[in-house]
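This briefing is arranged by topic for a reader who has the sequence and the coordinates at hand.

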Amino acid sequence: MEEPELDTQYDVIVVGTGLVESVVAAAAARIGKKILHIDRNDYYGGQWASFNFNGIREWISDATDPPPPPPQQQQQFPGADELVLAEGESLVAVGDPSSFYFNVNQTCYMPEVAPAPSGNNDASPQQETAHQSSAPEAEEAQSQTTKETPSPNTSREEDDVGTSEADENESASVASESEVVAEEENAHAGPALPTTTTTEEENAHAGPPLPTTTAEENAHAGPLPTTTAEEENAHAGPPLPTTEKNSEESHKTTEANDSTAGNMITPAAIEESEKVWAHRDFVRHSRKFNIDLAPKLLYSRGPLVELLISSNVARYTEFKCITRVLTWMMTGKGECEDGGLLAVPCSRSDVFTTSAITLVEKRLLMKFLQFCSSYEKHQEQLEEFQERTFGEFLKSRGLTANLIHFVTAAMAMVGPDEPCQTGLERTRLFLASLGRYGSTPFLFSMYGCGELPQAFCRLCAVFEGTYVLRKPVSHLVVDSGNNRCIGLVAEGQRFGCDNLVMSSDLTPSHYHGDNGAWSELCHISRAILFTDRSILPHKEEQLTLLRLPPTPDNPQPVTVIEGGSRAGICPQGVYCLQLSCLGKEAEVDLAGAVRKLVDHPGGPTLLWSLYFNQVDVSRCDLVSCSPANLYLCPGPDSSLDYDAAITQARTIFFSMFPDETFLPRAPDPDEIVFDNIGAELKDGDYFEEEGSSKTEQENKLEGQETGREEAVSEGHDSEDNNAQVNETKEEVTSKGI
């Protein structure tokens, strides 16, 4: 089937499907602009993407391969001979997006196949880390499976050709592999490896939408997760989905308040730890993984939640509430390893039931939190702290070192050296978000944060945006005289536009500037760890947020998000730890945090790890050195939430369309009123059947209309006959017959 020919002129062309780009595309399409949204990848999200296990392995391969040489002249790419440039026009080569990732390193600590159970097998699961040296061989053994994967995330059905049947029927999977590993299967006739059949997760990931230009088709483009009817009815005001068993989990969280032992293991956790995972199991359950490149959370009353509600994009998303917020409490003097995990009290009842703070401290904390909730009414108390730090303000309020740690590390999520105003704003946002959707202020996107860009892409497609994946852009077409970008070249084809929105990782080096425009370049260290149990086991699976304060062991604060199968992150029995901080060497920067949480006696067993560094341009000047109508979108920053991304999307939209409304509410399907009933048919209003013509179709419609009129006429005749019969009956009755 031939691909439809694309138009060559658009109001806005958006390059890249990251969150900022997708929000801008949806906002522009919503006000009726003609949008072309293209991406070089075959998956949505860009730097914000989520991958299954096979997908992340292919992403690692792409990130570690040497980049191709960038095109320099217009004669070095396909179709260049046919490309005609007007006087004053020039081509500018785009940048290499792979340069935004470095120090990418994965390690597999699992055996290729689970070892056979033995009566006197004294080896512990932790000793399986010896498999680290054989990880390359394991990767080579699975290379054929990965090479068959055409895309990391968009086509999750194609990612695991042959593995979906294994998820549904374990015995069938083992039988299909018997010829390859017959001896291994015979040697491992013991208990079967743990599996799970989560139909909802598989269905939700049957494939992200590949929208087209037809609104009705895009409305059913792909199975992005949506909220259930009960959840929508329960939150008719702010229609964001609530979490399962929020009320139960709020009480369960308080049960962990009195525990400061990070090494506590419950019987349920011991049972889970006895499950021996193998690399082949991860490959088999690839589609049950949703691994984020940039994990973030939403404040329940943050800008993104409010935008999802007001624009009605929330119907394309599904969320789960963070069930507990942890902090690392120091118990020794100067020993950074001496301490333990403690649940942070997130409600009035939690504050008064926890034993982590004294009665006097509880009263001081409640008084301070009441002040923060309405601090703008007490400006006279803040005048002397306009130029002072948040830590100094906390000390002036009489808070102890213990309370200052709780406020800065677990509530405001800022350091004590931040400005006082910033600390108060973050604390108030924490308090305002409490109780809206759960016991904590935070929401996590089910099935990975990569679902959020897809939700806005879906809205853009519904309003007739055109989407083309696997379409790499090689050059920008620039009018040097007017300093405007008038189009781009993708696979030798030229597209014109009035405005161009582009991901910053494609920024031509020509626009980095020599005047220090990118002098504020930052780097983020990230780690993704899979373990066999939680860092703080609980009788119920928890979705956890932890912020480790700076110590000599980890100079930068480290944000940790831990989740499991209930959040759609990984299979049952596996936990995913996602760590991030500022830094240039991920393994070195995060080593202290890993030692505290995983690498200690009694800690969870590490199964697989990925470390990498990411370039952060959110603080750079992306405007002064680029053409007037070229808008560069920064990727994920080091912050916990999405506030900066939404602010940037608003700024770009109003720069292009200052008098328009940013993402007005989209109607629900049952609210759409068709105003063309009875109008004359036009091209595109009907579907031609084989061997039929427009005239025949019109005759069919006219025949249907005639049939309806005859039915109505017969109905009137029937009514007249009934009336005559009734009159005859009345006459007979009056005459006494």
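A residue is termed buried under 20% relative accessible area, exposed over 50%, and partly exposed in between, computed with a 1.4 Å probe on the protein chains only. The model is a predicted one, in which local features need pLDDT of at least 70, side-chain atom pairs count only at pLDDT 80 or more, and totals for chains, interfaces and linings use all residues. Residues are numbered from 1 along each chain as its sequence is written, and side-chain values use heavy atoms, with hydrogens and water left out.

**Salt bridges**

- A salt bridge is a side-chain nitrogen of Lys or Arg within 4 Å of a carboxyl oxygen of Asp or Glu, and the whole structure contains 18 of them.
- One of these joins E89 to R494, with an N to O distance of 3.0 Å. The pair links distant parts of the chain, since E89 belongs to strand β4 (residues 89–93) and R494 to strand β15 (residues 493–503), 405 residues apart. R494 counts as partly exposed because its relative accessibility is 26%.
- Helices (H or I, at least four residues) and strands (E, at least two) are DSSP runs, numbered from the N terminus.
- E384 and R388 form a further salt bridge at 3.6 Å, N to O. E384 is exposed because its relative accessible area is 56%, whereas R388, at 34%, counts as partly exposed.
- The side chains of E491 and K471 meet at 3.3 Å, N to O, in another salt bridge. Distant parts of the chain are again linked: E491 lies in the loop between β14 (484–490) and β15, and K471 in the loop between β12 (466–468) and β13 (473–479), 20 residues apart.
- Within this pair, E491 is partly exposed because its relative accessible area is 46%, while K471 is buried, with a value of 11%.
- A network of salt bridges links R315, R665 and D668.

**Aromatic pairs**

- Rings of Phe, Tyr and Trp (its six-membered ring) pair if their centres lie within 6.5 Å; planes under 30 degrees apart count as stacked, over 60 as edge-to-face and the rest as tilted. By this rule there are 23 aromatic pairs.
- Y44 and Y467 make a tilted pair, because their ring centres are 6.1 Å apart and their planes stand at 45°. Y44 sits in the loop between β2 (35–38) and β3 (50–51) and Y467 in strand β12, so that the pair links parts of the chain 423 residues apart. Both residues, Y44 and Y467, are buried.
- F53 and W608 form an edge-to-face pair, because the centres of their rings are 5.4 Å apart and the planes are at 70°. F53 is in helix α2 (residues 53–64) and W608 in strand β20 (residues 606–616), 555 residues apart. F53 and W608 are buried.
- One aromatic cluster comprises F53, W277, F282, F289, F530 and W608.

**Strand pairing**

- Two strands pair if DSSP finds at least two bridges between them.
- Strand β1 (residues 9–15) is mostly covered, with five of its seven residues buried. β1 runs parallel to β15, joined by six bridges, and Y10 stands opposite C497 in β15.
- β1 also pairs with β2 in the parallel sense, over four bridges; here V15 stands opposite I38.
- Two bridges hold the antiparallel pairing of β7 with strand β11 (residues 442–445), and L298 has L443 in β11 as its bridge partner.

**Cavities**

- On a 1 Å grid over the protein atoms alone, a cavity is a set of points where a 1.4 Å probe fits but cannot get out, and lining residues have an atom within 4 Å of a point.
- The lining of the second largest cavity consists of P295, K296, R526, T559, I561, Q578, S580, D637, S638, S639 and L640. The elements giving two or more residues to this lining are β18 (558–563) and β19 (575–582).
- Three of the lining residues are nonpolar, five polar and three charged, where Ala, Val, Leu, Ile, Met, Phe, Trp, Tyr, Cys and Pro count as nonpolar, Asp, Glu, Lys and Arg as charged, and the others, Gly among them, as polar.

Note on methods. 1 Å grid on protein atoms, 1.4 Å probe; cavity = no way out; pocket = protein on both sides within 12 Å on 5 of 7 lines; lining within 4 Å.
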